[in-house]
Amino acid sequence: MDNLKFIPIEEKTLNDKLVNLYGSHIPGLYRAVKPLFDDPDAIKPALPLLIELNDDGAYENADIHVMVFGRETNNWNDIVERGQYPYGTYNFNLSTSEDILYEIKGRHADGEPEVYGIGDIYHAYCYEDSGVCKTVFTRRQNQLIRQLRSRLADLSVEAVWNNVSKIGCGGTVFGKSCRKPTAAIREIEREYFNVVAEEVKILKPDVVVFLTGFDADREIKDKFALADDAFHTVKEGLFLDRIDIPGVKYAARTIHPSRQSKENLKLHFDALVDDIISVVR
């Protein structure tokens, strides 16, 4: 993989733009994470979170586009269809630009050996019935989007899920997975897979919501090159701040919803939705 480079594909869709973004970073990323897999004592990284829009055009054609961020994805690996790779994660045998394309999108053409890509994991998690309702976070995220749709009933609202940290820790086979990424993983992402701001430029969300709680403000500032004064309190007594992100109509950070009481979640979601409506209407 030392001299491997990705040849961009023709950009007909937003997914094509995302593929080219990810493809340009994968050779460097894979070279950087390989030593962690060679080190028996290292915490292994999970696969990077690669966004893949559903092919029904719902996001592209919506009136209001929303991007919801969580913190990090743990155990984003151990996929049966990728079991031939180390811990079900990275394919370190990529040798051509086409291999990189298959690593991202997979290959599902009739008559060809099927390849399960990283984008297929995202697609299954977000768009197939067996995936998206498995976690408290995604159920609460969907609750927020339903609330927005109810308040904006005359407009179509579509959301895409993302994470502030694109590469989490791997599965429980090698332990300590449900945690922030290690310093080594964070540094590799910062240098070789710093794609969050570009994803926002490609997908152009009108609304960006960080359901990240107290632990990700520094990462948010780093990912978007924001000054410390980019956060502005919406209402005293609530953990809800607007964020100045260039090119985004509305952005805010609030509580991580997974361990909140129904009352506290309602208090914050009501305030958040009210604040969004005040800007996008």
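Predicted model: local features only at pLDDT ≥ 70, side-chain atom pairs only at ≥ 80, totals over all residues.
Q: How do H1 and H6 pack, and at what angle?
A: Helix H1, residues 14–38, packs with helix H6, residues 183–192, at an angle of about 160°, and their axes are 9 Å apart. That makes H1 roughly antiparallel to H6, because angles over 145 degrees count as such.

Q: Is that crossing left-handed or right-handed?
A: The crossing of H1 and H6 is right-handed.

Q: Which residues make the contact?
A: From H1 the contact is made by His-25, Gly-28, Leu-29, Ala-32, Val-33 and Leu-36, and from H6 by Ala-184, Ile-185, Ile-188 and Tyr-192.

Q: And how many of those are nonpolar, polar or charged?
A: By class, the contact of H1 with H6 has 8 nonpolar and 2 polar residues, with no charged ones.

Q: Switching to the sheet, what is the strand order?
A: The order is S3-S2-S5-S8-S7-S6, in an open sheet of 6 strands with mixed pairing. Strand S3 (157–165) and strand S6 (231–233) stand at the edges with a single partner strand each, so one side of each is left without a neighbour in the sheet.

Q: How much are neighbouring strands turned against each other?
A: On average, and ignoring direction, neighbouring strands of this sheet are turned by 25° against each other.

Q: In what sense do S2 and S3 pair?
A: Strand S2, residues 64–72, pairs with S3 in the parallel sense over 8 bridges, and His-65 stands opposite Glu-158 in S3.

Q: Which strands does H8 lie across?
A: H8 lies across S2, S3, strand S5 (207–211), S6, strand S7 (241–243) and strand S8 (250–254), and H8 runs at about 100° to S3.

Q: How many residues of H8 are buried, and which?
A: Helix H8, residues 217–224, is mostly covered, with 6 of its 8 residues buried, and these are Asp-217, Glu-219, Ile-220, Lys-221, Lys-223 and Phe-224.

Q: What follows H8?
A: H8 is followed by Ala-225, whose phi is positive, near 55°.

Q: Last topic, is Asp-275 buried or exposed?
A: Asp-275, which lies in helix H9 (residues 262–280), has a relative accessible area of 10%, and because buried means under 20%, Asp-275 is buried.

Q: What does Asp-275 touch?
A: Leaving aside residues up to four places away in sequence, Asp-275 touches Val-234, Arg-242 and Tyr-250.

Conventions:
Residues numbered from 1 in each chain as written. Heavy atoms only, no water. Axes fitted to C-alpha atoms, helices over the stretch in contact; angles between N-to-C directions. Helix = DSSP H or I, 4+ residues; strand = E, 2+ residues; numbered from the N terminus. Parallel < 35°, antiparallel > 145°, perpendicular 65-115°, else oblique. Left-handed = near helix turned anticlockwise from the far one by under 90°. Contact = heavy atoms within 4.5 Å. Nonpolar A, V, L, I, M, F, W, Y, C, P; charged D, E, K, R; others polar. Buried < 20%, exposed > 50% of the residue type's maximum accessible area, 1.4 Å probe, protein only. Pairing = 2+ DSSP bridges.
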